[in-house]
Amino acid sequence: MIAEPSYTIESLTDLLAGKTEVESLRTLAELFPGQVVFSSSFGYEDQVITDMILANNIPIRIFSLDTGRMFGETYQVWQKTNSRYDTRIEAHYPKTAAVEKMLNEKGPFSFYESIENRKECCFIRKVEPLNRALAGNKIWVTGIRAEQSQNRQTMTQLEADEVHNLVKFHPLMSWTFGEVKDYVRKNNVPYNPLHDRGFVSIGCQPCTRAIQEGEDFRAGRWWWEDNSKKECGLHAK
Ligand code: SF4
(Lines give C-alpha, C1' and ligand atoms only; values in the text may rest on other atoms or scores of the structure.)
Protein backbone atom coordinates (compact mmCIF):
# COMPACT_ATOMS: atom_id res chain seq x y z
CA MET A 1 0.00 0.00 0.00
CA ILE A 2 1.11 3.56 -0.61
CA ALA A 3 0.43 6.72 1.37
CA GLU A 4 -2.83 7.51 -0.51
CA PRO A 5 -5.24 4.90 0.87
CA SER A 6 -7.30 4.57 -2.30
CA TYR A 7 -4.34 3.74 -4.55
CA THR A 8 -1.96 0.83 -4.70
CA ILE A 9 0.93 0.22 -7.06
CA GLU A 10 -1.32 -2.24 -8.88
CA SER A 11 -4.24 0.18 -9.28
CA LEU A 12 -1.91 2.97 -10.45
CA THR A 13 -0.26 0.58 -12.90
CA ASP A 14 -3.71 -0.30 -14.29
CA LEU A 15 -4.61 3.38 -14.51
CA LEU A 16 -1.50 4.21 -16.55
CA ALA A 17 -1.68 1.13 -18.79
CA GLY A 18 -1.64 2.10 -22.47
CA LYS A 19 -0.95 5.77 -21.74
CA THR A 20 1.99 7.67 -23.21
CA GLU A 21 4.63 9.10 -20.87
CA VAL A 22 3.09 12.58 -21.17
CA GLU A 23 -0.43 11.26 -20.51
CA SER A 24 0.87 9.32 -17.50
CA LEU A 25 2.59 12.38 -16.05
CA ARG A 26 -0.58 14.42 -16.49
CA THR A 27 -2.75 11.71 -14.95
CA LEU A 28 -0.54 11.54 -11.86
CA ALA A 29 -0.41 15.34 -11.56
CA GLU A 30 -4.23 15.44 -11.66
CA LEU A 31 -4.58 12.58 -9.21
CA PHE A 32 -2.20 14.10 -6.65
CA PRO A 33 -2.36 17.88 -7.17
CA GLY A 34 0.68 19.71 -5.80
CA GLN A 35 2.22 16.45 -4.59
CA VAL A 36 4.10 15.25 -7.67
CA VAL A 37 7.76 16.24 -7.92
CA PHE A 38 10.53 15.57 -10.39
CA SER A 39 14.20 15.55 -9.39
CA SER A 40 16.52 16.52 -12.23
CA SER A 41 20.28 16.39 -12.50
CA PHE A 42 20.11 17.79 -16.05
CA GLY A 43 21.35 14.61 -17.78
CA TYR A 44 19.84 13.42 -21.07
CA GLU A 45 16.99 11.47 -19.47
CA ASP A 46 16.08 14.24 -17.07
CA GLN A 47 16.00 16.78 -19.87
CA VAL A 48 13.53 14.59 -21.80
CA ILE A 49 11.21 14.48 -18.79
CA THR A 50 11.63 18.21 -18.14
CA ASP A 51 10.60 18.85 -21.75
CA MET A 52 7.58 16.55 -21.41
CA ILE A 53 6.47 18.41 -18.26
CA LEU A 54 7.15 22.00 -19.28
CA ALA A 55 6.29 21.85 -22.98
CA ASN A 56 2.92 20.37 -22.01
CA ASN A 57 2.26 22.61 -19.00
CA ILE A 58 1.91 19.71 -16.59
CA PRO A 59 1.80 20.99 -13.00
CA ILE A 60 4.74 19.01 -11.62
CA ARG A 61 7.41 20.77 -9.52
CA ILE A 62 10.95 20.30 -10.83
CA PHE A 63 13.94 20.55 -8.53
CA SER A 64 17.64 19.80 -8.57
CA LEU A 65 20.06 18.92 -5.79
CA ASP A 66 22.97 21.34 -6.06
CA THR A 67 25.76 19.41 -4.36
CA GLY A 68 28.25 22.26 -4.73
CA ARG A 69 30.55 19.93 -6.72
CA MET A 70 28.76 20.04 -10.07
CA PHE A 71 30.34 20.70 -13.48
CA GLY A 72 30.20 24.22 -14.92
CA GLU A 73 28.47 22.66 -17.94
CA THR A 74 25.66 21.42 -15.70
CA TYR A 75 24.95 24.95 -14.47
CA GLN A 76 24.93 26.10 -18.10
CA VAL A 77 22.27 23.59 -19.08
CA TRP A 78 20.31 24.56 -15.93
CA GLN A 79 20.34 28.18 -17.09
CA LYS A 80 19.46 27.21 -20.68
CA THR A 81 16.54 25.15 -19.40
CA ASN A 82 15.28 28.06 -17.31
CA SER A 83 15.47 30.35 -20.35
CA ARG A 84 14.05 27.92 -22.89
CA TYR A 85 10.93 27.14 -20.84
CA ASP A 86 10.71 30.46 -19.01
CA THR A 87 10.95 28.68 -15.68
CA ARG A 88 13.10 28.41 -12.56
CA ILE A 89 14.16 24.89 -11.70
CA GLU A 90 14.23 24.82 -7.89
CA ALA A 91 17.53 24.29 -6.05
CA HIS A 92 18.03 22.33 -2.87
CA TYR A 93 21.33 22.64 -1.03
CA PRO A 94 23.12 20.56 1.59
CA LYS A 95 23.24 21.84 5.15
CA THR A 96 26.18 24.23 5.47
CA ALA A 97 27.23 22.99 8.93
CA ALA A 98 27.41 19.35 7.76
CA VAL A 99 29.54 20.21 4.71
CA GLU A 100 31.84 22.40 6.81
CA LYS A 101 32.32 19.67 9.40
CA MET A 102 33.13 17.03 6.77
CA LEU A 103 35.58 19.29 4.93
CA ASN A 104 37.25 20.49 8.12
CA GLU A 105 37.72 16.95 9.41
CA LYS A 106 38.54 15.10 6.18
CA GLY A 107 39.45 17.56 3.46
CA PRO A 108 37.85 18.16 0.06
CA PHE A 109 38.51 14.73 -1.51
CA SER A 110 37.59 12.33 1.32
CA PHE A 111 35.32 10.36 -1.04
CA TYR A 112 38.33 8.83 -2.83
CA GLU A 113 39.61 7.33 0.42
CA SER A 114 36.86 4.83 1.26
CA ILE A 115 33.34 3.77 0.36
CA GLU A 116 32.20 4.98 3.80
CA ASN A 117 33.60 8.44 3.14
CA ARG A 118 32.04 8.48 -0.32
CA LYS A 119 28.66 7.51 1.08
CA GLU A 120 29.00 10.12 3.80
CA CYS A 121 29.61 12.81 1.20
CA CYS A 122 26.68 11.57 -0.96
CA PHE A 123 24.47 11.53 2.12
CA ILE A 124 25.33 15.09 3.13
CA ARG A 125 25.26 16.58 -0.35
CA LYS A 126 22.44 14.55 -1.94
CA VAL A 127 20.43 12.22 0.26
CA GLU A 128 19.62 14.57 3.13
CA PRO A 129 18.62 17.47 0.85
CA LEU A 130 16.57 15.01 -1.22
CA ASN A 131 14.71 13.87 1.89
CA ARG A 132 13.76 17.48 2.59
CA ALA A 133 12.72 18.09 -1.03
CA LEU A 134 10.51 15.00 -1.13
CA ALA A 135 8.83 15.46 2.25
CA GLY A 136 5.04 15.63 2.00
CA ASN A 137 4.85 14.53 -1.63
CA LYS A 138 3.09 11.48 -3.05
CA ILE A 139 4.81 10.85 -6.38
CA TRP A 140 8.52 11.21 -7.18
CA VAL A 141 9.27 11.22 -10.91
CA THR A 142 12.78 10.11 -11.89
CA GLY A 143 14.82 9.65 -15.07
CA ILE A 144 15.90 6.10 -14.23
CA ARG A 145 16.16 3.60 -17.10
CA ALA A 146 16.60 -0.17 -16.74
CA GLU A 147 19.62 -0.13 -19.08
CA GLN A 148 21.63 2.14 -16.74
CA SER A 149 22.92 -0.38 -14.21
CA GLN A 150 22.70 -3.94 -12.93
CA ASN A 151 20.65 -2.76 -9.95
CA ARG A 152 18.05 -1.16 -12.19
CA GLN A 153 17.34 -4.12 -14.51
CA THR A 154 14.61 -5.54 -12.30
CA MET A 155 12.87 -2.26 -11.46
CA THR A 156 9.38 -1.45 -12.77
CA GLN A 157 7.89 1.86 -13.97
CA LEU A 158 6.02 2.37 -10.69
CA GLU A 159 7.43 1.31 -7.35
CA ALA A 160 6.70 1.92 -3.71
CA ASP A 161 9.37 3.89 -1.89
CA GLU A 162 8.94 3.07 1.75
CA VAL A 163 11.92 5.21 2.77
CA HIS A 164 10.19 8.37 1.56
CA ASN A 165 6.63 7.10 1.92
CA LEU A 166 5.69 7.76 -1.68
CA VAL A 167 5.53 6.16 -5.10
CA LYS A 168 8.32 6.51 -7.62
CA PHE A 169 7.41 6.86 -11.26
CA HIS A 170 10.11 6.20 -13.86
CA PRO A 171 8.49 7.15 -17.19
CA LEU A 172 11.56 6.24 -19.26
CA MET A 173 12.21 2.88 -17.59
CA SER A 174 12.07 0.88 -20.83
CA TRP A 175 13.64 3.50 -23.11
CA THR A 176 16.97 2.78 -24.77
CA PHE A 177 19.79 5.31 -24.78
CA GLY A 178 19.20 5.75 -28.54
CA GLU A 179 15.54 6.65 -27.97
CA VAL A 180 16.52 9.22 -25.36
CA LYS A 181 19.04 10.83 -27.71
CA ASP A 182 16.50 10.84 -30.57
CA TYR A 183 13.94 12.62 -28.41
CA VAL A 184 16.49 15.27 -27.40
CA ARG A 185 17.52 15.84 -31.02
CA LYS A 186 14.01 15.87 -32.53
CA ASN A 187 12.64 18.24 -29.90
CA ASN A 188 15.73 20.43 -29.76
CA VAL A 189 15.92 19.98 -25.99
CA PRO A 190 18.84 21.75 -24.24
CA TYR A 191 21.36 19.14 -23.06
CA ASN A 192 24.62 18.93 -21.20
CA PRO A 193 27.51 19.32 -23.70
CA LEU A 194 29.51 16.79 -21.65
CA HIS A 195 27.36 14.09 -23.28
CA ASP A 196 29.15 14.88 -26.55
CA ARG A 197 32.49 14.21 -24.83
CA GLY A 198 31.77 10.65 -23.69
CA PHE A 199 30.01 11.42 -20.42
CA VAL A 200 26.88 9.27 -20.19
CA SER A 201 25.75 9.59 -16.57
CA ILE A 202 26.72 13.01 -15.19
CA GLY A 203 26.97 13.66 -11.47
CA CYS A 204 29.50 15.60 -9.42
CA GLN A 205 32.67 16.71 -11.19
CA PRO A 206 35.21 14.83 -9.00
CA CYS A 207 33.19 11.59 -9.21
CA THR A 208 32.29 11.49 -12.91
CA ARG A 209 34.40 10.75 -15.96
CA ALA A 210 33.85 9.93 -19.63
CA ILE A 211 33.48 6.27 -20.65
CA GLN A 212 34.90 4.34 -23.59
CA GLU A 213 32.65 2.82 -26.26
CA GLY A 214 31.24 -0.50 -25.02
CA GLU A 215 31.80 0.29 -21.34
CA ASP A 216 28.92 0.00 -18.85
CA PHE A 217 26.74 3.13 -18.47
CA ARG A 218 27.78 3.52 -14.85
CA ALA A 219 31.50 2.98 -15.53
CA GLY A 220 32.02 6.74 -15.46
CA ARG A 221 30.66 7.14 -11.91
CA TRP A 222 32.81 6.33 -8.84
CA TRP A 223 35.09 4.33 -11.16
CA TRP A 224 37.36 3.39 -8.28
CA GLU A 225 34.57 1.34 -6.62
CA ASP A 226 33.04 -2.08 -7.24
CA ASN A 227 30.10 -1.95 -9.72
CA SER A 228 27.56 -3.32 -7.25
CA LYS A 229 28.20 -0.43 -4.81
CA LYS A 230 27.63 2.34 -7.31
CA GLU A 231 24.49 3.97 -6.03
CA CYS A 232 24.54 7.29 -4.22
CA GLY A 233 21.72 6.34 -1.89
CA LEU A 234 19.07 8.45 -3.64
CA HIS A 235 17.29 5.31 -4.75
CA ALA A 236 17.95 3.19 -1.68
CA LYS A 237 15.39 0.51 -0.91
S1 SF4 B 1 29.10 12.17 -6.12
FE2 SF4 B 1 31.11 12.55 -5.13
S3 SF4 B 1 31.22 14.76 -4.67
FE4 SF4 B 1 29.08 14.23 -5.20
S5 SF4 B 1 28.10 13.91 -3.29
FE6 SF4 B 1 28.78 11.87 -3.94
S7 SF4 B 1 30.87 11.60 -3.15
FE8 SF4 B 1 30.32 13.77 -2.89
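1. The mean positions of the 29 positive and 32 negative charges of the protein lie 4 Å apart. In this count Lys and Arg are positive and Asp and Glu negative, while His and the chain ends are not counted. Each charge is placed at NZ of Lys, CZ of Arg, CG of Asp or CD of Glu.

2. The model is predicted: local features need pLDDT of at least 70 and side-chain atom pairs count only at pLDDT 80 or more, whereas totals for chains, interfaces and linings use all residues. Residues are numbered from 1 along each chain as its sequence is written, and side-chain values use heavy atoms, with hydrogens and water left out.

3. The protein contains seven helices and six strands; these are DSSP runs numbered from the N terminus, with helices (H or I) of at least four residues and strands (E) of at least two. Their order along the sequence is α-α-β-α-β-α-β-α-α-β-β-β-α. The radius of gyration is 17 Å, close to the 18 Å that the globule rule gives for 237 residues, so the protein is as compact as a globular protein of that length. That radius is taken over C-alpha atoms, and the rule is 2.2 Å times the number of residues to the power 0.38. Along the principal axes, the C-alpha trace spans about 50 × 40 × 35 Å.

4. Of the 237 residues, 52% are buried. Here buried means under 20% relative accessible area, exposed means over 50%, and partly exposed lies in between (1.4 Å probe, protein chains only). The protein exposes about 11,400 Å², of which carbon and sulfur atoms supply 50%; the areas come from the Shrake-Rupley method with a 1.4 Å probe.

5. Contacts (heavy atoms within 4.5 Å) may be considered next. Among those with a separation of 6 or more, 67% are between residues 24 or more positions apart.

6. Side chains of opposite charge can pair when their charged atoms come close. A search of the whole structure finds 12 salt bridges, each being a side-chain nitrogen of Lys or Arg within 4 Å of a carboxyl oxygen of Asp or Glu. One of them joins R197 and E73 at 3.3 Å, N to O. R197 lies in the segment after α7 (177–186) and E73 in helix α4 (residues 72–85), so this pair ties together parts that are 124 residues apart in sequence. E73 is buried, with a relative accessible area of 18%.

7. Another salt bridge connects K106 and E120 at 2.8 Å, N to O. It links distant parts of the chain, 14 residues apart: K106 belongs to helix α5 (residues 96–106) and E120 to helix α6 (residues 115–134). K106 is partly exposed at 33% relative accessible area, and E120 is partly exposed at 26%.

8. Are the partners in the salt bridge of R118 buried or exposed? R118 pairs with E225 at 2.8 Å, N to O. R118 sits in helix α6 and E225 in the segment after α7, 107 residues apart. R118 is buried, with a relative accessible area of 1%, and E225 also counts as buried, at 8%. Elsewhere, salt bridges that share partners join E45, R145 and E147 into one network.

9. D86, in the loop between α4 and β3 (90–92), has a phi near 50°, a positive value in a residue other than glycine. D86 is exposed, with a relative accessible area of 70%. N165, in the loop between β5 (158–161) and β6 (166–169), likewise has a positive phi, near 55°.
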